[in-house]
Amino acid sequence: MEKIIECVPNFSEGRNPEVMEAILAPFRNKKGVVLLDHSHDEDHNRMVVTLVGEPEPLKEAVLEAVRVAVDKIDLNHHQGQHPRMGAVDVIPFVPIKNVTKEDCIELSKEVGKVIGEEIGVPVFLYEDSATAPHRTNLAKIRKGEFEGMAEKIKDPDWKPDYGKAERHPTAGTVAVGARMFLVAYNVNLDDPDVAHADKIAKRIRHIGGGLRFCKAMGVDLTERHQSQVSMNLTDFTKTAIYRAHELIRAEAQRYGAKIVGAEIIGLVPVQALRESLAYYLRKEEIAEDEMSIEEIVAQITKYLLLENFSADQVLEYKLAKNQ
């Protein structure tokens with residue numbers, strides 16, 4: 001029985017094509033591993049990769065890419081809008097087919113052990129793999145970022161799960177863990193004042209009294225003269241894309257700001273799109289056989305103002321094509 005796990009490693013490089021391609025190389029043309037998607041952003045200075053595979057080949061490919069990133073990325077010279085604490089900032093494993101969350105937890109520990117003890121980058125286990133309650137939330141682990149981690153890691157409360165209690169001089173630290181599927185969704189505003197995006201993010205995210213399964217922050221899109229509310233929707237079945245989108249629209253009105261674009265980073269389950277499209281079409285639901293993936297993408301792109309979004313980013317579609 002084929003076992004399929006998804007991995008979505010985030011790398012702190014979004015500007016140098018040669019470095020990004022070198023990181024992606026271990027994921028290409030590997031038996032048992034399929035590179036589904038990769039996207040980068042110069043403002044964030046970050047690359048997000050989505051791949052699926054059988055546990056052992058996936059583990060080998062991820063570790064090879066980690067070695068490349070550690071060798072080629074120096075965070076002492078890194079600047080970007082997205083918080084980061086490592087050259088490889090976070091490595092989540094997600095159960096997809098014939099595997100359990102426990103299988104992903106075990107894989108995260110195997111990968112973390114190699115990164116910490118062989119590659120030499122301290123590792124924090126997070127989300128479902130966390131070894132203590134205060135390590136569950138990635139934002140708490142990452143607080144202080146690369147620069148602050150030099151002192152933070154010496155605190156007994158923040159001793160790494162694998163590796164020495166000493167920040168790697170160029171590659172920092174990395175969070176490795178298991179979690180359920182999340183939707184990375186960003187909404188762009190025509191307001192260049194990032195302070196407004198920050199305030200909106202604080203109001204819509206769970207920790208600020210907003211949507212239960214929403215993490216959010218404001219981002220300055222300098223080159224566009226815009227600001228962005230960048231989100232992770234950690235359970236799309238309970239916090240829908242459309243709900244976050246429309247709450248941002250409502251909150252932005254107080255600043256005279258409008259939504260001018262949005263983007264989905266990586267892949268998205270087709271069910272998340274069906275639910276949001278049903279809202280905009282004023283329907284209870286959209287049946288599986290009612291619209292093709294391409295029709296759903298075309299329709300939802302119009303309502304959410306999605307940029308550079310295609311059927312290739314829909315999870316069920318890509319998995320079906322590559323099985």
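Two strands are said to pair if DSSP finds at least two bridges between them. Helices (H or I, at least four residues) and strands (E, at least two) are DSSP runs, numbered from the N terminus. The model shown is predicted, so local features need pLDDT of at least 70 and side-chain atom pairs count only at pLDDT 80 or more, while totals for chains, interfaces and linings use all residues. Residues are numbered from 1 along each chain as its sequence is written, and side-chain values use heavy atoms, with hydrogens and water left out.

**View A. An open sheet of four strands, in the order β9-β10-β8-β11.** The pairing in this sheet is antiparallel. β9 (214-221) and β11 form the edges, and each has a single partner strand, so one side of each lacks a neighbour in the sheet. On average, neighbouring strands are turned by 20 degrees against each other, direction ignored. Helix α6 packs on the sheet and touches β8, β9 and β10 (226-233); the direction of α6 makes about 175 degrees with that of β9. Here, axes are lines fitted to C-alpha atoms, for helices over the stretch in contact, and angles run from 0 to 180 degrees between N-to-C directions.

**View B. Strand β11 (residues 259-265) beside strand β8 (residues 183-189).** The two strands run antiparallel and are joined by six bridges. Asn186 has Glu263 of β11 as its bridge partner, and Tyr185 has Ile264 of β11. Six of the seven residues of β11 are buried, so this strand is largely enclosed by the rest of the structure. Buried means under 20% relative accessible area, exposed over 50%, and partly exposed in between (1.4 Å probe, protein chains only).

**View C. Strand β1 (residues 4-7) and its bridges to β5 and β4.** Ile4 and Glu6 point one way from β1, Ile5 and Cys7 point the other way, and all are buried. Four bridges connect β1 with strand β5 (residues 88-97), in antiparallel fashion. With strand β4 (residues 46-53), β1 pairs over three bridges, also in the antiparallel sense. Glu6 stands opposite Val94 in β5 and has Val52 as its bridge partner in β4.

**View D. The crossing of helices α6 (residues 194-204) and α7 (residues 241-252).** Their axes come within 10 Å and cross at roughly 130 degrees. This makes α6 oblique to α7; angles under 35 degrees count as roughly parallel, over 145 as roughly antiparallel, 65 to 115 as roughly perpendicular and the rest as oblique. Ile200, Arg203 and Ile204 of α6 make the contact with Leu247, Ile248, Glu251 and Ala252 of α7, where contact means heavy atoms within 4.5 Å. By class, five residues of the contact are nonpolar, none is polar and two are charged. Ala, Val, Leu, Ile, Met, Phe, Trp, Tyr, Cys and Pro count as nonpolar, Asp, Glu, Lys and Arg as charged, and the others, Gly among them, as polar.

**View E. The packing of helix α1 (residues 17-24) with helix α2 (residues 55-72).** The axes are 8 Å apart, and the angle is about 155 degrees. The two helices are therefore roughly antiparallel to each other. Val19, Ala22 and Ile23 of α1 meet Ala65, Val68, Ala69 and Lys72 of α2 in this contact.

**View F. Helix α8 (residues 270-280), mostly covered.** Eight of its 11 residues are buried, including Val270, Leu273, Arg274 and Tyr280. Just after α8, Arg282 takes a positive phi of about 60 degrees.
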